[in-house]
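The points begin with strand pairing and then turn to other topics.

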Amino acid sequence: MSQTHLPRIGRRGVLLGLTALAAAGPARLAVADVAAPAAQIMDRRLVVILLRGAMDGLHAVVPYGDPDYATLRGALALAEPGAEGGVLDLGGSFGLHPKLTELHALYARGELLPVHAVAGPYRTRSHFDGQDLMEGGGEQRLESGWLNRALTHIPESAGQPARTGLALGLDLPLLMRGEAPVGMWAPPRATRPEPDLYARMADLLHADPVIGPSVTEGMRGRGYATGALSAGAPIPGNQGGFTRLAHAAGRMLARVDGPRVAALELGGWDTHAGQAQRIDPVLVQLDRGIAALRVQLGEAWSRTAVLAITEFGRTARANGNLGTDHGTGGAAFLAGGAVQGGRVLANWPGLKRDALFENRDLQPTRDLRGLAKALLRDHLRLPENAVDAAFPGSAAVAPEGGLLRA
Amino acid sequence: MDTRPQIAAVRFGTAPRPEAPLPEDPVAWLDQQTRAAPPPLPPPPGRDAPASLEEGYSAWIAHDATPPPAGQASVPTQMFRAEQQAWVRHLLTSDAPFHDRLTNFWLNHFTVAERGGFGMTTGFPHFLRQAIRPHVTGRFVDMLVAASRAPAMLFYLDQVASVGPNSNFGKRSGRGLNENLAREILELHSVSPAAGYSQADVTEFARIMTGWGVERLRPPFDLVFRPGNHEPGAKTLLGKHYAEGPEAYEAALRDLAAHPATHRFLAGRLVRHFVADTPPPDAVARIEGVLRDTQGDLGEAARALVRLPGAWGPPLTKLRAPLDYVVAMHRAAGATDPGPVLGALSALGQPLWNAPQPNGWPDIAAGWAAPEPMMQRLDIAYETAGRHARLDPRQVLETALGPLAREETRIAVGRAGSTRDAITLVFASPEMQRR
């Protein structure tokens, strides 16, 4: 072989947009924008945010109108709307935690739908079982995630620059693992190898059954993201990690040739002690992250639904350390211009002793799968078999009606 | 060519260094590391001894009294960083790398994380040096007891805040149980959910533990039992009865360590780490039997792992986690500076001693092999090669891969346009990314 040996990946790398890794200017993007098929403009967008560690639903979406709330929560109880440090009113019975100001503004616009007394079909209080079951979507643990299985039913066209699914951050959550290839984005490092060296590395790795496909997919994803994110102002680097990832997600989802479905994760909800202090910065990140999505999605926000879910709720009572332990029923958020919000969705079980699950936790009266199934069916317009594949064994759980604007 | 010496170094050790010859008798070399006393772990640079609990707590108190100016790391955090540097420097230069791998394995099993705050960081030198390292080739029960009574763990999983609701203090203050540590010991550290325990078992175990906490503001600056916080009455955990009093916690831990479900759980985890992501059932049964027959002797288990036929065959089955990968690159380059290792670990999503959740880091390829993380590895390979671009790439290749190097890799390294590119290709190669 000659000294000018071109690695096998070379041609493929170029096709996958590898040269964009060297840095792409806005000029190149203008071409991509023009080339996008008009039909794609109508595409809906779905963002799923996994709140890891079990968000205390009673602290995020506060049932201040429940006569047992203040006594049950004791020192963790938040004040009524209007009082100092009071919750932000959601129509007379519920209120958002006062740190959730951006979400409250969305509520006022009819673009936030808090959901309460909701849980997955499992009743474990293990974080790790709970997260795996929430993301897997089955009644037992599965090797792939419900969102990935749904993605396998969305056809990708051959020349499509971005994968339909996008995961933000360095972890590919179980939710997004599976047969459908997904794109990823994480903040880039200051220096990167030249494209030729990437190509040589990819060539060495090509045959490895685990690493090879990941590198091919990773090059493709970077090729797209480098171009897509170079338009507009730089992604703010001084913000908390989640906000930055949400910013990048919104920027890519907004593009007509961009991904349609994105997944993000936000940890820090496991507030066993000192909850009032520990939960504040996490709530702020969630609040700002969803706000960043809205701003970056721009006009596409009107076709977007954001679903934020957690593995389970926490104990209804404070635990004596001004924290809460692992529980059952909790809260979820739906946000977006496509969402029929401005109300709270709850069959409220009440907080009386007899109403609690095992005299301990908020009783779930709604299945998370109903929310997710509705988004797959009514928002992404996936066929019935796709929804069934996402949530096997869930025939008894109907997709929740009325979540979306007509 | 015999690949066993190289495999001993990459799968059981933490990867070869240029100045250290590979073992002629790999099994004897590995056995020896399980029988000798733990190799010395020097204190952080510039210190005569590792930071004690008392020193850490004093720094914490001083921090609370006078927080440092914005942008400046607090003293407890600086002490934690120094301990990280000490451990990484040891990992890079150690000549007992099997012992080090086992230490990393058990540190992950008993995860405590920096995000748990000063309670974890001030207690970590004690946790590493006194709770974990002395026991990695000793008995599991001793490690379980030590880790479950270590102040770093008691802070990290909130045991310091737990109070028996019917104890004197509980009745007076209205404070109550915190079941976090109880649940995670059962789920993650001992019997695992396969034992079929219930919420009632978790609560009972939390009651058993009440009273145990940490005194950080005055002597003894250590674990203490406060009778006034202990929940009165007998308790029942997994069908066994425990009398009221301070002895019940350790008694319960000893019973958990001896439970057959614990042996099965640990065997599965060990085989997953050393053999394959999906542990072969016969190998798990073999290790489980060793743990059962030796009352949880981890040295015997380690020697049995070395003797599993499945642990020696190329192809290399395990994808290196970032900690393995980054340490292997730096060892191959003969590096001793811990700073770039710590930076690379954060960049690759495995910041040292800061796992996001109490279940620690994944030990399967699926946890690390997603597209963008693999791309970030290539970037780190390039950065690391840049720090060592004056080395001879052929030498780096021989050290790192030896007889495991594929012909394709040798050719690509030989054709590279610069030494940096050549070393990047060694580091990026699939055989380098596996162990």
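1. Strands S2(A) and S4(A) pair in the antiparallel sense over two bridges, where strands are DSSP runs of E of at least two residues, helices are runs of H or I of at least four residues, and both are numbered from the N terminus; two strands count as paired if DSSP finds at least two bridges between them. Within this pairing, Val62(A) has Gly95(A) of S4(A) as its bridge partner. The open sheet to which they belong has three strands in the order S2-S4-S3 of chain A, with antiparallel pairing. Strand S2 (61–62) and strand S3 (88–89) of chain A each have a single partner strand and stand at the edges, so one side of each lacks a neighbour in the sheet.

2. The model is a predicted one, in which local features need pLDDT of at least 70 and side-chain atom pairs count only at pLDDT 80 or more, whereas totals for chains, interfaces and linings use all residues. Residues are numbered from 1 along each chain as its sequence is written, and chains are lettered from A and ligands numbered from 1 in the order in which they are written.

3. Confidence in chain A should be read by region: pLDDT, the predictor's confidence in each residue from 0 to 100, has a mean of 89 in this chain, and 89% of its residues reach 70 or more. Over residues 1–7 of chain A, however, pLDDT stays under 50, and the model has four contacts beyond four places in sequence for them, a contact being a pair of residues whose C-beta atoms, placed from the backbone, lie within 7 Å. Residues 22–41 of chain A also stay under 50, with 21 contacts beyond four places in sequence. Where pLDDT is low, the predicted coordinates should not be read in detail.

4. Chain A has 13 helices and 11 strands, and 57% of its 406 residues count as buried, that is, with 20 or more other C-beta atoms within 10 Å of their own, against 12 or fewer for exposed residues and a number in between for partly exposed ones, the C-beta atoms being placed from the backbone. Of the contacts in chain A with a separation of 6 or more, 74% join residues 24 or more positions apart.

5. A further open sheet in chain A has eight strands in the order S7-S6-S8-S1-S9-S10-S5-S11, and its pairing is mixed. Strand S7 (183–185) and S11 of chain A are at the edges, each with a single partner strand, so one side of each is left without a neighbour in the sheet. Strand S6 (residues 165–168) and strand S8 (residues 261–266) of chain A run parallel and are joined by three bridges, with Leu166(A) opposite Ala262(A) in S8(A).

6. In strand S5 (residues 112–119) of chain A, eight of the eight residues are buried. S5(A) pairs with strand S10 (residues 330–335) of chain A in the antiparallel sense over five bridges, and Pro114(A) stands opposite Phe333(A) in S10(A). Two bridges also join S5(A) to strand S11 (residues 366–367) of chain A in a parallel run, where Val118(A) has Arg366(A) as its bridge partner.

7. Leaving out residues up to four places away in sequence, Ala249(A) touches Val47(A), Leu166(A), Leu168(A), Ala262(A), Leu264(A) and Leu293(A).

8. Pro98(A) lies in the loop between strand S4 (95–96) and helix H5 (101–108) of chain A. Apart from neighbours within four places in sequence, Pro98(A) is in contact with Gly85(A), Gly86(A), Val87(A) and Leu88(A), and with 18 other C-beta atoms within 10 Å it is partly exposed.

9. The contact between the chains takes 45 residues from chain B and 40 residues from chain A. On the side of chain B that touches chain A, the largest share, nine residues, comes from H18(B).

Key. Two residues are in contact if their C-beta atoms, placed from the backbone, lie within 7 Å.
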